[in-house]
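Q: Hi! Could you walk me through this one while I have it open?

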There are 2 protein chains.
Amino acid sequence: MLCDFLIFSDLVVILADLLLILQFDKDNIITFHIAMYRTKTCGELRLANAGEQVTLAGWVQRTRKMGGMTFVDLRDRYGITQIVFNNEVDAALCDNANKLGREFVVQVTGTVAERSSKNANLPTGDVEIIATAMNVLSESATPPFTIEDNTDGGDDLRMKYRYLDLRRNCVRKNLELRHRMTILIRNFLDSRDFIEVETPILIGSTPEGARDFVVPSRMNPGQFYALPQSPQTLKQLLMVAGFDRYFQIAKCFRDEDLRADRQPEFTQIDCEMSYVHQDDVLEIFEDMARHLFKEVRGVELPAKLQQMTWHDAMRLYGSDKPDLRFGMQFVELMDVMKKGKFGVFDDAAYIGGICVPGCADYSRKQLDELTNFVKRPQVGAKGLVYVKYNADGTIKSSVDKFYDEADLLELKKAMGASDGDLVLILSGDNANKTRIQLCSLRLEMGERLGLRDKDKFECLWIVDFPLFEWSDEEQRLMATHHPFTMPNPDDIPLLDEHPERVRAMAYDFVCNGIEVGGGSLRIHDGKLQEKMFEILGFTPERAMAQFGFLINAFKYGAPPHAGLAFGLDRFVSIMAGLDSIRDCIAFPKNNSGRDVMLDAPSEIAQEQLDELYLNVDEQRVNLLKNK
Amino acid sequence: MLCDFLIFSDLVVILADLLLILQFDKDNIITFHIAMYRTKTCGELRLANAGEQVTLAGWVQRTRKMGGMTFVDLRDRYGITQIVFNNEVDAALCDNANKLGREFVVQVTGTVAERSSKNANLPTGDVEIIATAMNVLSESATPPFTIEDNTDGGDDLRMKYRYLDLRRNCVRKNLELRHRMTILIRNFLDSRDFIEVETPILIGSTPEGARDFVVPSRMNPGQFYALPQSPQTLKQLLMVAGFDRYFQIAKCFRDEDLRADRQPEFTQIDCEMSYVHQDDVLEIFEDMARHLFKEVRGVELPAKLQQMTWHDAMRLYGSDKPDLRFGMQFVELMDVMKKGKFGVFDDAAYIGGICVPGCADYSRKQLDELTNFVKRPQVGAKGLVYVKYNADGTIKSSVDKFYDEADLLELKKAMGASDGDLVLILSGDNANKTRIQLCSLRLEMGERLGLRDKDKFECLWIVDFPLFEWSDEEQRLMATHHPFTMPNPDDIPLLDEHPERVRAMAYDFVCNGIEVGGGSLRIHDGKLQEKMFEILGFTPERAMAQFGFLINAFKYGAPPHAGLAFGLDRFVSIMAGLDSIRDCIAFPKNNSGRDVMLDAPSEIAQEQLDELYLNVDEQRVNLLKNK
């Protein structure tokens with residue numbers, strides 16, 4: 001009986017398109033049913049499967065004809081398996097195989113066999129399938145670009161045919177990683193008692209911050225919903241509601257002019273906790289980051305991440321998101337270089353330098369490149385001073401006519417430079433702007449020296465942000481994070497007289513020079529919140545109109561609370577070593593906010609507009625079009 | 001040393017608002033740090049904790065003064081713990097406790113002690129905290145309704161103060177259940193190789209189906225995005241892209257006039273698979289449902305769910321979502337009742353009855369109620385015929401003057417009625433409409449007899465839906481599911497001549513009379529898809545304009561694929577035994593699509609409209625307002 005079973009279970013009868021298979025159920029009763037499209041995937045067969053009868057389905061990656069044999073690489077999400085058709089055994093079948101084009105979808109039945117010439121690069125490379133039947137499920141036109149990691153398709157073409165681009169292994173891997181990360185994140189937060197709560201997408205418009213996308217309401221003519229820039233106020237309400245620990249992997253929307261790494265819709269890992277101090281928040285999300293890096297990349301982050309004040313970050317790296325994969329900390333040179341010898345430095349509000357190890361042998365051409373780099377409008381420096389401390393002990397600098405050797409040796413000491421190092425110096429009349437320029441130069445040097453290794457991860461917290469920052473555009477103080485951020489209790493007395501000096505209970509999670517997450521302790525006291533609105537220039541009426549629900553909620557027992565949000569797109573792209581968040585988004589939009597595949601946005605019917613009580617200002621639209 | 005340790009670890013010093021605690025780290029070095037807001041939650045202390053020094057934080061549920069003692073019930077998400085203040089021990093502290101109002105937020109430190117009068121209804125009911133310190137973190141105004149399971153707040157008030165409503169245990173539990181279900185669903189699907197992929201929220205408008213919400217694009221003046229009614233076409237593109245198994249817990253949007261159980265934004269568990277037959281899909285999602293019912297409710301669904309054809313469901317229950325928690329299947333009575341004796345029946349296109357067990361003793365009043373029930377406009381029947389088969393063997397009916405006892409005994413046999421049963425009969429000139437009326441009556445009887453038990457779950461698949469249904473409104477055939485549904489291969493020859501007879505490869509998952517999920521095999525052949533659009537009245541141009549991306553995608557090797565979507569809101573509300581999906585949504589909208597808490601939608605600034613090249617048709621809006 002056991003013997004019969006083995007024989008029968010291997011018996012496969014193919015009838016036309018629908019394979020009918022004889023099978024036993026548990027009670028050894030023979031049942032007929034429509035066969036599965038496949039019994040195995042293209043990624044799982046190994047030498048141990050040799051001799052098995054299998055059915056695979058997938059896309060034709062390539063076909064090769066060699067003598068009387070035709071080889072087909074069949075691809076699915078799980079891998080590639082080689083199929084062999086033998087002209088001598090079944091000429092008609094082999095003929096059909098020869099007609100297959102790239103990206104045809106086929107179903108193949110055959111026997112797993114050991115390959116004579118194995119392919120060590122493929123997990124399935126030890127075996128091939130000796131085909132006994134084949135069924136074309138879908139034909140394919142010639143794809144507009146090759147479905148390979150190194151494709152011949154340009155950006156625009158690949159975006160238009162994104163469904164083909166997504167077939168490429170390297171692109172799909174990013175989306176698989178994204179899935180894996182969200183599963184890990186959700187299970188981690190669940191294990192720490194966080195509840196995921198879906199907050200609404202159709203909410204009210206809050207003009208503070210970036211521009212909202214709005215949605216006309218047909219049922220409420222003349223009125224609009226807005227899409228959330230973040231669930232900030234809603235998650236705070238959930239804390240007032242006693243939810244204690246909330247998270248959401250949430251879609252957020254900002255109608256901004258798009259820069260390279262911005263999308264109109266993006267995803268945040270949004271979190272909020274009650275009854276916590278800043279350290280409690282940092283600890284839990286450090287744990288989360290540690291868990292992710294370990295699971296996804298096998299990287300062990302240190303037991304405790306560095307916390308750097310915003311002030312130190314600006315002073316030492318000219319950035320609130322320093323890349324710590326390499327050194328070249330700034331050295332302030334006001335004392336060292338201000339000697340009444342060089343007018344540019346004597347007049348400067350800031351002079352700072354970096355020591356680039358081992359680059360004293362930079363050529364004139366290379367130094368000119370660096371000078372041009374800092375003078376680009378994106379950087380904006382007026383010039384670059386260099387000092388080469390040559391390996392032979394000699395010194396050569398662009399300020400030789402102003403400073404003598406003693407001066408430059410003093411500089412060498414201040415910079416901690418060794419023979420063979422190159423010191424680069426910027427100065428300017430605005431300290432912070434000059435630091436930001438020096439930051440660009442530092443990153444450029446890191447890039448040139450190959451120090452920004454995508455497989456190395458340096459994470460840290462930036463803390464003690466200023467609560468406000470001055471907006472030249474708006475000519476007023478703006479909230480650095482948002483209006484709900486708690487001031488440092490020690491600085492509350494400064495709120496009236498010196499708001500610019502008040503530190504926020506805010507923190508950013510930075511990895512490899514990228515701000516991956518950020519958050520803050522929130523104000524939970526209605527009066528302090530009103531004070532904040534006042535400093536930010538809200539009239540009490542406007543504050544009530546926009547945030548009345550939150551101010552009211554605080555009247556009914558708000559717990560101390562805090563939170564943060566990680567940018568999922570950025571987090572995934574760092575983990576995947578990508579240059580753009582676009583590469584880890586299934587259907588991204590281009591820099592005009594268009595989905596070129598769907599051809600959206602588009603015009604809508606007049607009846608749709610009528611139902612919404614809206615008119616497009618065609619005159620202005622046409623003016624714009626004819627520009 | 002051990003002794004010292006115990007003494008020190010219990011030593012708590014409270015300094016102003018910020019508690020500073022002396023603690024040992026692992027190396028027994030004393031460190032100062034800002035104490036946690038709490039060391040335990042209000043839900044975790046048990047008798048075993050007696051003697052421990054703890055700090056709790058939460059909301060004041062109630063206070064009671066008894067003699068020299070004040071008792072405070074402190075509440076957080078995790079439970080309620082009783083705090084005791086003793087006037088004789090610390091009069092000032094007790095005084096402060098007496099000033100606490102409902103919903104104040106406080107932090108209390110004290111010692112866990114065994115209660116003399118235990119509360120068996122609370123997991124923490126064996127203990128209380130003898131308070132030694134208290135700190136009011138937030139005061140509260142008197143809440144507009146009581147924060148109790150049985151609250152005195154009406155619907156409108158609770159929605160306006162949703163953040164207080166969500167504090168109620170019974171409401172928060174629903175959201176916790178929702179979280180738990182999504183965690184279970186994600187991990188289940190992940191274990192079956194599904195990848196969650198986020199599809200965009202800003203897509204193109206597709207007028208087929210329900211009305212879209214649209215979003216004006218500032219960067220593309222005069223053009224609009226639409227919010228997805230479902231990720232249908234995008235998930236099909238992911239199949240073309242070779243993703244093999246996709247899912248997403250996805251927000252969907254429909255701008256419909258809201259009925260009781262509809263929300264403008266709702267959430268779907270959206271799934272799609274490649275290389276599968278219908279049975280493969282049903283099997284995997286049956287497994288998922290089985291897993292959920294087991295984990296969430298401890299209910300074992302049968303090893304294989306019943307599959308009922310749409311035709312049988314309509315014939316036996318007058319519904320494509322029959323409630324199988326009770327019997328009362330329809331019996332068609334055309335042969336039995338058409339005897340040329342009763343004109344109403346003689347002229348009817350359909351006569352059907354249900355046998356209500358044990359209800360022959362229904363009074364005149366009760367039968368009148370039933371007659372009124374079926375005559376309500378929502379049901380729409382012209383009248384109700386009843387036959388009582390009394391327990392004593394006598395028969396009493398509303399058609400006694402038309403039918404003799406032999407007729408009614410024949411009916412009894414046809415209905416399978418016993419003595420004591422009540423037979424209810426409806427007839428009409430439109431078979432399906434009458435069946436739907438009889439369905440309402442059947443459900444009403446189930447309700448009256450308490451047979452619609454919320455703790456009982458009867459799940460089944462409805463299969464073999466008609467591919468098209470006739471729309472009286474549009475005067476054309478519409479897709480029953482959507483235009484991408486695969487016709488039953490056996491019925492393809494009928495497409496041209498008898499499209500109304502073509503069965504779809506579509507299936508619904510029904511539980512307790514509610515359609516929880518639905519899906520279909522999809523067309524993956526461009527030509528068949530074009531044919532479908534043609535039957536649905538699309539010109540080729542319109543089909544290309546709206547679905548060109550999909551039709552094009554099918555040219556490059558589309559795999560056979562199928563999928564389905566569960567309504568998460570409905571699924572959760574069934575599991576939670578709720579009457580409305582609103583109760584498992586954190587911030588639902590009312591029947592006018594308004595969020596009364598946020599007061600959204602609302603008017604927006606003219607500058608916002610100008611940026612979007614839009615004008616509100618104020619004249620028409622005002623006309624409407626003045627109506």
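**Strands, bonds and cavities**

A: Happy to. Strand 23 (residues 506-511) of chain B is mostly covered, with six of its six residues buried. Buried means under 20% relative accessible area, exposed over 50% and partly exposed in between, with a 1.4 Å probe and protein chains only. Strands (E, at least two residues) and helices (H or I, at least four) are DSSP runs numbered from the N terminus. This is a predicted model, where local features need pLDDT of at least 70, side-chain atom pairs count only at pLDDT 80 or more, and totals for chains, interfaces and linings use all residues. Residues are numbered from 1 along each chain as its sequence is written, chains are lettered from A and ligands numbered from 1 in the order in which they are written, and side-chain values use heavy atoms, leaving out hydrogens and water.

Q: Which residues point which way from strand 23 of chain B?

A: Ala506(B), Asp508(B) and Val510(B) point one way, Tyr507(B), Phe509(B) and Cys511(B) the other, and all are buried.

Q: What does strand 23 of chain B pair with in the antiparallel sense over six bridges?

A: That is strand 24 (residues 514-521) of chain B. Two strands count as paired if DSSP finds at least two bridges between them. Asp508(B) stands opposite Gly518(B) there. The two strands form a hairpin with two residues between them, and Asn512(B) in the turn has a positive phi of about 50°. Strand 20 (residues 459-463) of chain B is also joined to strand 23 of chain B, antiparallel, by five bridges, with Val463(B) opposite Tyr507(B).

Q: Switching to strand 13 of chain B: how many of its residues are buried?

A: Ten of its ten, residues 265-274. Ile269(B) is on one covered side and Phe266(B) on the other, among them. Nine bridges join strand 13 of chain B to strand 12 (residues 245-253) of chain B, running antiparallel, and Phe247(B) has Cys271(B) as its bridge partner.

Q: Is Asp244(B), with its positive phi, buried or exposed?

A: Buried, at 1% relative accessibility. Its phi is about 70° although it is not a glycine, and Asp244(B) is found in the loop between helix 6 (232-240) and strand 12 of chain B.

Q: And how big is the largest cavity?

A: About 490 Å³ in volume. A cavity is a set of points, on a 1 Å grid over the protein atoms alone, where a 1.4 Å probe fits but cannot get out, and lining residues have an atom within 4 Å of a point. Points are joined across faces, edges and corners, and the volume is the space filled by probe spheres set on them.

Q: Which residues lie nearest its centre?

A: Of 33 lining residues, those are Arg186(A), Ile249(A), Lys251(A), Arg186(B) and Ile249(B).

How values were computed
1 Å grid on protein atoms, 1.4 Å probe; cavity = no way out; pocket = protein on both sides within 12 Å on 5 of 7 lines; lining within 4 Å.
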